[in-house]
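Open the model in your viewer and keep the sequence panel beside it.

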Amino acid sequence: MDAHNRKHSVGGTTLHTCHPCRRTVPYRIYGVIHTCGIVALMHHHVHSLLTANTSTLITSLLLLSDVILAFMWATSASLRFNPVHRSEYPERYAAKPKEEFPKLDVFICTADPYKEPPMMVVNTALSAMAYDYPSDKISVYVSDDGGSSLTLFALMEAAKFSKHWLPYCKNNNIQDRSPEVYFSSNLHTWNDEAGNLKMMYEDMKSRVEHVVDSGKVETEYITCDQFRGVFDLWTHKFTRQEHPTIIQVLQNSETDMDDTGKYIMPNLIYVSREKSKVSPHHFKAGALNTLLRVSGVMTNSPVILTLDCDMYSNDPTTPVRALCYLTDPKIKSGLGFVQFPQKFQGVSKNDIYACEYKRLFDINMIGFDGLMGPNHVGTGCFFNRRVFYGPPSNLILAEIDELNPNQIADKSIEAKDVLELAHNVAACNYEYNTNWGSKMGFRYGSLVEDYYTGYMLHCEGWRSVFCSPKRAAFCGDVPKSLIDVVSQQKRWAIGLLEVSISRYSPLTYGVKSMGLLMGVGYCQYAFWAFWSIPLIVYGLLPQLALLYGVSVFPKSSDPCFWLYIFLFFGAYAQDLLDFVLEGGTYCGWWNDQRMWMIRGFTSFFFGFIEFTLKTLNLSTHGFNLTSKANEDDEQSKRYEKEIFDFGPSSSMFLPLTATAILNLFAFVWGMCGLFIWGKKLVLELMLVSFAAVNCLPVYEAMMLRKDAGKLPKRASLSAGILTFALTVLGYFVLK
């Protein structure tokens, strides 16, 4: 059988297939041609430096920028070397006896009931509890790192509602198993049962939101005497940073049934680990490692699904899809995880903020999948529990037998000794002098624990699989304002720099451990922040050159002029082709490339500065949670109309706005020079025109808009002053 068109079967039944993308060979040919063009461009820069035809500073800046751009193009090329697509057949696995299905632990993380509303957590938990999967084999663990009684109350309400919701979904083969999504849809016809269920859901939602608005759980809202005492733990000494461990079993599959007595209910467990101001808690990675240990003591399922609290399950067959790979005897011994892409609901028509991350979650994933497998993206990932205990060939044993991946948890999850041990492993000082966070579990040392963990697992020799079914497996919400988008990506840029500028850099350690293509592929993310350098140089230098009539690029009569044209249009055309072939649109691609430039002047630039200050011990940075509560109706309307919302005044937009102003002036001056004075700085004018078109939303927000999402006058004025300063500085550099 052709190695490039592989079929994998279990017990004679084919469960998944893999085939290469048709564009692989043309991409390899073009890669050779583009590489020759890059070599020629480097020769041009070096020759200019040696012959001193132009300013040494200008040539050096252009050389530095082009070296970075060439390196980043190489990282993309490595992921275009062998992209593959996969198909799986869950209906064939589902035909197996239910006794053969492995147990499944689901981890859901939340940290703030106001930025991550409890009803959002409830819907994510219910969508996972309602999987088309044996309910007695599902255990849902919710980690509440904020230690909020509001979240616990919401989950108590969810447990009661699940006894009606789960049977309804399974009896009627409902596909949308997030109640909020199902009841908000206009695609369904309602019968009396659905109408009554909707009333129950709205009643539950009203109670939960009332409790959140009031900020406390009143006694009259606690209807179950079994849980009444647990709320006494929230005393005046209880804070987000200082509180004891709370583990509450809200639903037990051994004892809980639906109201008809026909369906077993899955386990639902609330976990809030102990917090202390004197002990490091390692943000989300620490919370996930706590869930690994607590679940190891209570259920120790061989398969683990990790979910963000806003990423509800959109397909009830998703676990079975993952098992098509995880149970394949040909690959399961070395298969660490199955990663699903993140998909989003409510995205504007052309994805104005590029929040679908088409390149990150689709294009690059199929490239990684043809090598050792996709990287971990923080949610929608099914792990083999064994992956957290050392390389495939070297099992690292935990400090107690109960936590080892091959241990069978056969006691009741509510047994006294089980709960005592679970509280013990969730203590804030439990990890002292252990391998947790270094050789075991999710890895510490970066704000992007998902990238770092997936990267280190690949370095250990584990492989992964990308599973992207036609119906999205998981869906979440997108940010509706630009400041939320760039702030989130600034945090990512800092976390990625923590990996790239370390002993475990993909450029050195990664290439050595995984091979050249995989190591270089990981560099695309690790060196994100370095994009700011060429973007700033090409966003300022040619513009200043136009203002002062200085040529920094070859003239149209020079053969190198066409070299620049080829490299620019070739790279952009290939990027557009990738985008469209993986289901994107032309307008979506335009917004995506524009947002890439915006990130360069905001997220990447300030992330670089913040990381540098932290490295020099001049400042510290923490984990700033992105708000997932979209309650601003006017902001939502602007987003739907695809109008940029800059939000409150932020220094992050200062370099972007100043660059936009400079490009506008340079464009006007360049056109005057072309048509009035006959100065033909063609490449400079082309670049300035391209930048000015990309900056249209900035000009609109500065001069034409009156709504709350416009750029504040103070920001525009500050940007104008900065533009003047840059123009003066340009005189001394260019003249």
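Start by selecting Asn433. Asn433 sits in the loop between helix 12 (416-425) and helix 13 (449-459). Helices here are DSSP runs of H or I with at least four residues, strands are E runs of at least two, and both are numbered from the N terminus. Asn433 is not a glycine, yet its phi is positive, about 60°. Most residues other than glycine have a negative phi. With 85% relative accessibility, Asn433 counts as exposed. The classes are buried under 20% relative accessible area, exposed over 50% and partly exposed in between, with a 1.4 Å probe and protein chains only.

A note on the model before moving on. It is predicted: local features need pLDDT of at least 70, side-chain atom pairs count only at pLDDT 80 or more, and totals for chains, interfaces and linings use all residues. Residues are numbered from 1 along each chain as its sequence is written, and side-chain values use heavy atoms, with hydrogens and water left out.

**Next: His282**

Select His282, in the loop between strand 7 (267-272) and helix 9 (283-298). His282 is another residue other than glycine with a positive phi, near 60°. Is His282 buried or partly exposed? His282 is partly exposed, at 31% relative accessible area.

**Helix 2 against helix 17**

Now show residues 56-79 and 532-548 together. These are helix 2 and helix 17; their axes come within 8 Å and cross at roughly 140°. Axes are lines fitted to C-alpha atoms, for helices over the stretch in contact, and angles run from 0 to 180 degrees between N-to-C directions. The two helices are therefore oblique to each other. Under 35 degrees would be roughly parallel, over 145 roughly antiparallel and 65 to 115 roughly perpendicular; the rest are oblique. The crossing of helix 2 and helix 17 is left-handed: the near helix is turned anticlockwise from the far one by less than a right angle, whereas clockwise would be right-handed.

Show side chains at the contact (heavy atoms within 4.5 Å). Helix 2 brings Ile58, Leu61, Leu62, Leu64, Ser65, Asp66, Ile68 and Leu69; helix 17 brings Ile533, Pro534, Val537, Tyr538 and Leu541. By class, that is 11 nonpolar, 1 polar and 1 charged residues. Ala, Val, Leu, Ile, Met, Phe, Trp, Tyr, Cys and Pro count as nonpolar, Asp, Glu, Lys and Arg as charged, and the others, Gly among them, as polar.

**Zoom in: Pro534**

Stay in helix 17 and pick Pro534. Pro534 is buried, at 2% relative accessibility. Which residues does Pro534 contact, leaving aside neighbours within four places in sequence? They are Ser65, Ile68, Leu69 and Gly539.

**Helix 14 against helix 20**

Switch to residues 482-500 and 603-615. Helix 14 and helix 20 pack at about 45°, with axes 8 Å apart. That makes helix 14 oblique to helix 20. This crossing of helix 14 and helix 20 is right-handed. Among the contact residues are Val486, Ala493 and Leu497 of helix 14, and Phe604, Phe608 and Phe611 of helix 20. The contact of helix 14 with helix 20 has 8 nonpolar, 3 polar and 4 charged residues.

**Last stop: zoom out**

Show the whole protein, with its 25 helices and 14 strands. The C-alpha atoms fill a box of roughly 85 × 60 × 55 Å along the principal axes. Colour by accessibility: buried residues make up 59% of the 735 residues.
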